[in-house]
Amino acid sequence: PGNPKFDDQAAIFASARASAERGAKLTRLEFSTTMIQVYGSTVIMYSNYVLDLEVKGVKETNSGRATEIFVIKGDTIENVGWHLDEIK
């Protein structure tokens, strides 16, 4: 959230790896509200979230809204994209 550009999967994994290397730990992840809509084989999930990261004893809290899109393919459900925005 808050990033002015769109990241691809490689950039997201690199960011997660860098966070882990600097010692960041996810200490809380809550989804207070979730709504799911199904349109044929497409599923859209809307959620409000709060997460806490701790880095070297300092806690950082982020909250926002998430929209995720899934496609049902046979016996599997594939996450094909998501968008996050911050609530300030």
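**View 1. Asn62 in its strand.** Asn62 sits in strand β3, which spans residues 58-73. The model shown is predicted. Buried or exposed: which class does Asn62 fall into? Its relative accessibility is 18%, so Asn62 counts as buried, because the cut-off for that class is under 20%.

**View 2. The polar partner of Asn62.** The side chain of Asn62 forms a polar contact with the side chain of Glu60. The distance for this pair is 3.2 Å.

**View 3. Neighbours of Asn62 from elsewhere in the sequence.** Which residues does Asn62 touch, once those up to four places away in sequence are set aside? They are Tyr49, Val50, Leu51 and Glu86.

**View 4. The elements around the close-ups.** The protein chain holds 1 helix and 4 strands. Read from the N terminus, their order is α-β-β-β-β. The C-alpha atoms fill a box of roughly 45 × 30 × 25 Å along the principal axes.

View 5. Take the contacts between residues at least 6 apart in sequence: 32% of them join residues at least 24 apart.

**View 6. Surface and charge.** The protein chain has an accessible surface of about 6700 Å². Carbon and sulfur atoms account for 57% of that surface. The chain carries 10 positive and 12 negative charges. How far apart are the mean positions of the positive and negative charges? The separation is 6 Å.

Technical notes:
Residues numbered from 1 in each chain as written. Predicted model: local features only at pLDDT ≥ 70, side-chain atom pairs only at ≥ 80, totals over all residues. Heavy atoms only, no water. Helix = DSSP H or I, 4+ residues; strand = E, 2+ residues; numbered from the N terminus. Contact = heavy atoms within 4.5 Å. Areas by Shrake-Rupley, 256 points an atom, 1.4 Å probe, with all protein chains shown as cover. Lys, Arg positive; Asp, Glu negative; His and termini not counted. Charge placed at Lys NZ, Arg CZ, Asp CG, Glu CD. Buried < 20%, exposed > 50% of the residue type's maximum accessible area, 1.4 Å probe, protein only. Polar contact = N/O pair within 3.5 Å; in protein donor to acceptor, adjacent residues only side chain to side chain.
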